[in-house]
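Here is a short report on one protein. Look over the sequence and the structure before reading on.

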Amino acid sequence: RFRDTPAGVLAFVQPVYRGLLRDMPVQSKEAPKDKFSMKILADTVAAYIAGAAVAPIISAVDRGLAENASGKQALLPSFVNSMKAMVARPVTFFTSPQFFWIWLVYGSTYAAANTCQTICDRRKRDVALPKLMSTFVVNTTTCIAKDQAFAKMFGTKAAAAVPMQSYAIWLTRDILSMGVFFTLPPIAGKKIAEVTGNERSGYYVAQFFCPLVFQTFLTPVHLLGYDVYNHPNNTIAQRIQFLGKDYWKNVGMRCVRQAPPWSIGTIGNSELRKYLTNKFTA
């Protein structure tokens with residue numbers, strides 16, 4: 001069972017990072033300095049800076065969704081109030097659980113992707129599957145814990161039990177999402193570079209548009225989990241009808257929600273990682 005505090009989630013995902021630390025080499029006084037540990041440090045610092053950069057807008061949207069779902073406040077007024085609070089009371093906002101939970105989710109996910117890349121590069125192994133699995137484990141555990149916390153913080157009553165079918169659907173969504181967000185863009189970027197002649201620009205195009213284009217498929221998967229939760233006895237025909245209702249509006253809102261962490265944030269994380277790695281290992 002997930003704990004309800006950020007400290008509990010950190011304790012839950014800590015074994016992932018213990019495995020990374022075991023890979024750090026022990027240096028003798030005579031041996032030349034190994035830069036692996038500094039690369040891991042650069043990976044982590046870059047990840048949490050990038051996570052902090054995207055957290056304000058995401059936390060405002062997620063709070064709005066939670067309050068709108070519970071009937072506590074409409075989506076747009078809730079979002080505007082969060083933005084006003086960030087400007088008027090920045091210290092309170094940036095030290096609030098609302099901000100911290102989102103920072104934890106995306107900072108930890110970026111850190112998992114970065115450190116996995118460094119370890120696979122060191123061992124000369126293909127990074128696709130390890131990166132998919134590590135980001136999936138970290139993002140899913142922290143995200144589900146965040147959703148539970150937001151439901152309690154911004155709801156009007158205790159949340160009802162979620163059926164296992166909904167969890168299974170959302171887990172499928174997360175597996176597909178991690179593949180699209182982290183694994184697919186470098187592959188697609190190389191194909192785009194064959195046309196543009198620039199590998200860097202090819203990666204940027206793929207990283208920005210892949211998470212958004214795939215919302216046409218991932219949004220129905222996401223909403224199906226809610227339909228199972230809200231209407232457990234619906235027929236297949238009723239579920240198809242539900243998914244078709246306001247389809248493009250829902251896809252558009254999911255694109256707005258996904259752009260900061262997966263299109264903009266991943267590019268920022270990647271560039272900052274390269275910059276800090278060069279600085280820390282110089």
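What pattern does the protein follow, read along the sequence? The pattern is α-α-α-α-α-α-α-α-α-α-α. The protein has 11 helices and 0 strands. Helices (H or I, at least four residues) and strands (E, at least two) are DSSP runs, numbered from the N terminus.

This is a predicted model, in which local features need pLDDT of at least 70 and side-chain atom pairs count only at pLDDT 80 or more, while totals for chains, interfaces and linings use all residues. Residues are numbered from 1 along each chain as its sequence is written, and side-chain values use heavy atoms, with hydrogens and water left out.

## The whole protein

The protein has 282 residues, and buried residues make up 43% of them. Buried means under 20% relative accessible area, exposed means over 50%, and partly exposed lies in between (1.4 Å probe, protein chains only). The protein exposes about 15,300 Å². Carbon and sulfur atoms supply 65% of that area. Accessible areas come from the Shrake-Rupley method with a 1.4 Å probe; for residues, only the protein chains shown count as cover.

Now take the contacts (heavy atoms within 4.5 Å). Among those between residues at least 6 apart in sequence, 76% join residues at least 24 apart.

## The core

The largest nonpolar core has 31 residues. Such a core is a set of buried Ala, Val, Leu, Ile, Met, Phe, Trp, Tyr and Cys residues joined through side-chain atoms within 4.5 Å. Tyr106, Tyr110, Met178, Phe182 and Trp262 have the most contacts inside this core. Helix H2 (36-70), H5, H6, H7 and H8 each supply at least two of its residues. The largest share, 9 residues, comes from H5.

What does Tyr106 touch, leaving aside residues up to four places away in sequence? Its partners are Gly51, Val54, Ile58, Asn139, Arg257, Pro261 and Trp262.

Asp43 has its place in helix H2. It counts as buried because its relative accessible area is 0%. Beyond residues up to four places away in sequence, Asp43 touches Asn114, Thr115, Thr118, Arg273 and Thr277. Asp43 and Gln117 are 74 residues apart in sequence, yet their C-alpha atoms are 9.2 Å apart in space.

Cys210 lies in helix H8. With a relative accessible area of 12%, Cys210 is buried. Ala188 is 22 residues from Cys210 along the chain, and 8.8 Å separates their C-alpha atoms.

## Helix H9

Helix H9 (residues 215-230) has 16 residues. It reaches 22 Å from its first C-alpha to its last, close to the 22 Å expected at 1.5 Å a residue. The expected span is 1.5 Å times one less than the number of residues. Buried residues in H9 include Leu218, Pro220, Leu223 and Val228. Their cover includes helix H7 (164-196), helix H8 (199-213), helix H10 (236-244) and helix H11 (247-280).

## Aromatic rings

A search of the whole structure finds 9 aromatic pairs. Rings of Phe, Tyr and Trp (its six-membered ring) pair if their centres lie within 6.5 Å; planes under 30 degrees apart count as stacked, over 60 as edge-to-face and the rest as tilted. Two of the pairs are listed here.

| Pair | Centre to centre | Angle between planes | Type |
|---|---|---|---|
| Phe93 and Phe94 | 5.2 Å | 85° | edge-to-face |
| Phe100 and Trp103 | 6.4 Å | 85° | edge-to-face |

Phe93 is buried, at 4% relative accessible area, whereas Phe94 is partly exposed at 37%. Phe100 and Trp103 are 3 residues apart in helix H5, so about one helical turn separates them. Phe100 is partly exposed at 30%, and Trp103 is partly exposed at 29%. Ring pairs link Tyr48, Phe93, Phe94, Phe99, Phe100 and Trp103 into a cluster.

Arg122 lies over the face of Phe36, 4.6 Å from the ring centre. The rule asks for NZ of Lys or CZ of Arg within 6 Å of the ring centre and within 35 degrees of the ring normal.

Where does Lys124 lie? Lys124 is in the loop between helix H5 (97-123) and helix H6 (128-154). Its phi is positive, about 60°, although Lys124 is not a glycine. Most residues other than glycine have a negative phi. Lys124 counts as exposed, at 74% relative accessibility.
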